[in-house]
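Colleague: Hi! Could you walk me through this one?
Modeller: Happy to, let's have a look together.

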Amino acid sequence: MEITPIEDLKITPDVVQPYPDPSVGREAVIVIDNGSYQCRAGWMLKDRPALTFRNLLAKPRKDRNKKDVETTAVPVTQIGNDIVNLESMRMQLRTQFDRNVVTHYNVQEQIMDYIFTKLGINAENAVPHRVMLTECLFNPNYCRSLMSELLFECYDVPGIAYGVDGLFSFYSNQRPKNGLIVATGYHTTHVIPVMAGRMVVENVRRVNVGGSHMIAFLHRCLQLKYTIHMNAITLSRCEMLLHRYGEFAYDYLESLRNWAGIEYYEQNIRKIQLPFNQPAAVTTLTSEQKVEKKKELSRRLAEINARRREERMAQDEEQLALLQQLEESAEDGDDISDGLAEQGLKDIGELKRMITTVNTRIEKARTKLLAQGAGSSQPQQDTDKLMQPPANMTIEQWVEETRRKREAILEKRNARKQRKADLAKRRTAAAQERMRIISHLARKEKGSDDFGMRDEDWDVYKQISRDEDSDLEQESVRLLECEIILKQYDATYEDPVMLTGTTAELHQLHLGVECIRAPEILFQPSIIGLHEAGVAETIDFVLKLFPPEQRLSLIGNIFVTGGCAKIRGLKERLTREMRELLPFQARFEIDIAREPTLDGWNGASKFCLTETFRQSLITRRTYEECGGEYLKEHFNSNVYFPTPKTAGGSMVFPSSGGSVG
């Protein structure tokens, strides 16, 4: 399977264009496609926009902790392609949009400054060029009023014309006059019916799903799947993955069933390599060398345990000699109360029980040492020799029981590790319980609380550590036995030593069903919790608003544009959905825009060459007479609905705006 390194978003800062451009002249129109994802700006008559950048602004916050910085220093504001690394400034990014509507005009003003500066316009106190500007579908009058005010009052432009990017894309592709536009955007998707070249306003419908929702959903899925790489899975990288590997499933449920199969998964999985730091070169060991290394570690562990056992036995023998001396002194009639108190004993009976306990412990340790010595004197046994199950158990029962024992030991080890981590924190319940037990063991008599005042009090810690070491030794021996048995009899057992992956493998993303899940929300918004119809049901709803004869002309020219139209499989999926929704053998045609993301700007650029554009310009005089919200309609624009005015307690509706073309 091919492993593809992940691609980070590569941004090249824009350069200042020569001005005036001799190919367009001083009377050229500035065309701005002001999208909520990208802004495209340039001169008319050009094949492509001169500027294409993310509609974002980043203003770093001033560090108040730095005393040596001048108080007059202002953080540099970065706009568009000047923001080379989006993720490093993710928390400081700002946009002028609220969904797809411009609402923050302080940011929009700085975006306009960036556009006019990069286009090289150096006229004094004004921008001496007409502006063709796109706006969202059904842009509120108040927002248009603020945009007109910004361009006329701040930049003193000679004239403005407004249009809708989806309609401009329809115009750029020279479609028939009747059709159905599916305009997929960054935040919304619109279904726009067009009859006789005009948008049928009352039948337009919107789906509140766009490219940003797909990117966010893919980002969330991958972060939940690979929590250890949460910081490496960024929104920018998910955006690149969506555009490169995302696709609309022809049949979503069938695709899910296919991905559930192991064979299909192995054949279609895409492995993406995340960046990582390669550790220092380590000698690669073969499987036989790893087994030998494990045997050597087991042998060294046994030697360490034997050495500890000898040390503990020497301490026990020293303690036994002292206890026996106390016993002899008691038999001679001497007073041994001080000696008993020093050993933490109350009377002669407890002294005899302690002597028996210590003696038993010494005998067990001596027996283990003798057994180990006898084993070391003999030739080394072959650890690969088959071990036999008990007489009362079958091999299957023995292997199952061994597997349960091994899991229990591992769970106990994990619990011990967690407990040790909790003990390192003073305020945890485990640490407080440990201190309570130590205090109880160290108490000499009821009601006393002077632990720690004498040096011998700290022997309690040695006793606790001795018990823990004994448990660890026994667990290691039992775990080793279980692994030997499972390695010999259990075909499904995998040696943990053999399972260590390389650093590169540990930093890989496996893209599978996520490639179709993220785009699917355009057809099933309920996947991300939105209670509304998908794009197919919305198209069906819009078509049913028309009489049958008009419905046929609409389905004969279904036009898909916008950024999401670049994702693979959209045309095939829409074809399948329409075939299910329409009557049997109904004829329909679906086409994708030639350049889904650029055709809006291209259409606006072509529109500037027409007489309709000149008639639809809003001049400074028109702006002052009719107000900033005024719009001259044309076949690529919104419909103007004047804002009602209040006069004498009643609503007065002004006459409709002019219609051009």
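**Overview and details**

Modeller: The secondary structure of the protein chain comes to 21 helices and 22 strands. Keep in mind that this is a predicted model.

Colleague: How much of the chain counts as buried?
Modeller: Of its 661 residues, 40% count as buried. The accessible surface comes to about 38100 Å², with 51% of that belonging to carbon and sulfur atoms.

Colleague: Let's switch to helices. At what angle do α16 and α18 cross?
Modeller: Roughly 45 degrees, and the axes of α16 (residues 535-543) and α18 (residues 570-581) come within 10 Å. That angle makes α16 oblique to α18. The crossing is right-handed.

Colleague: And which residues make the contact?
Modeller: On α16, Ala-536, Ile-539, Asp-540 and Leu-543; on α18, Leu-574, Glu-577, Met-578 and Leu-581. They divide into 6 nonpolar, no polar and 2 charged.

Colleague: New topic, backbone. Is the peptide bond from Tyr-19 to Pro-20 cis or trans?
Modeller: That bond is cis, with omega near -5 degrees. Pro-20 sits in the loop between β1 (3-5) and β2 (30-34).

Colleague: What about phi of Asn-125?
Modeller: Asn-125 has a positive phi of about 65 degrees although it is not a glycine. Most residues other than glycine have a negative phi. Asn-125 lies in the loop between α1 (105-118) and β10 (131-135).

Colleague: Where is Ala-196, then?
Modeller: Ala-196 is in the loop between β13 (189-195) and β14 (198-199). Its phi is positive, near 55 degrees.

Colleague: Is Ala-196 buried or exposed?
Modeller: Ala-196 is exposed, with a relative accessible area of 59%. Asn-125 is exposed too, at 67%.

Terms used. Residues are numbered from 1 along each chain as its sequence is written. This is a predicted model: local features need pLDDT of at least 70, side-chain atom pairs count only at pLDDT 80 or more; totals for chains, interfaces and linings use all residues. Side-chain values use heavy atoms; hydrogens and water are left out. Axes are lines fitted to C-alpha atoms, for helices over the stretch in contact, and angles run from 0 to 180 degrees between N-to-C directions. Helices (H or I, at least four residues) and strands (E, at least two) are DSSP runs, numbered from the N terminus. Angles under 35 degrees count as roughly parallel, over 145 as roughly antiparallel, 65 to 115 as roughly perpendicular and the rest as oblique. A crossing is left-handed if the near helix is turned anticlockwise from the far one by less than a right angle, and right-handed if clockwise. Contact means heavy atoms within 4.5 Å. Ala, Val, Leu, Ile, Met, Phe, Trp, Tyr, Cys and Pro count as nonpolar, Asp, Glu, Lys and Arg as charged, and the others, Gly among them, as polar. Buried means under 20% relative accessible area, exposed over 50%, partly exposed in between (1.4 Å probe, protein chains only). Accessible areas come from the Shrake-Rupley method with a 1.4 Å probe; for residues, only the protein chains shown count as cover.
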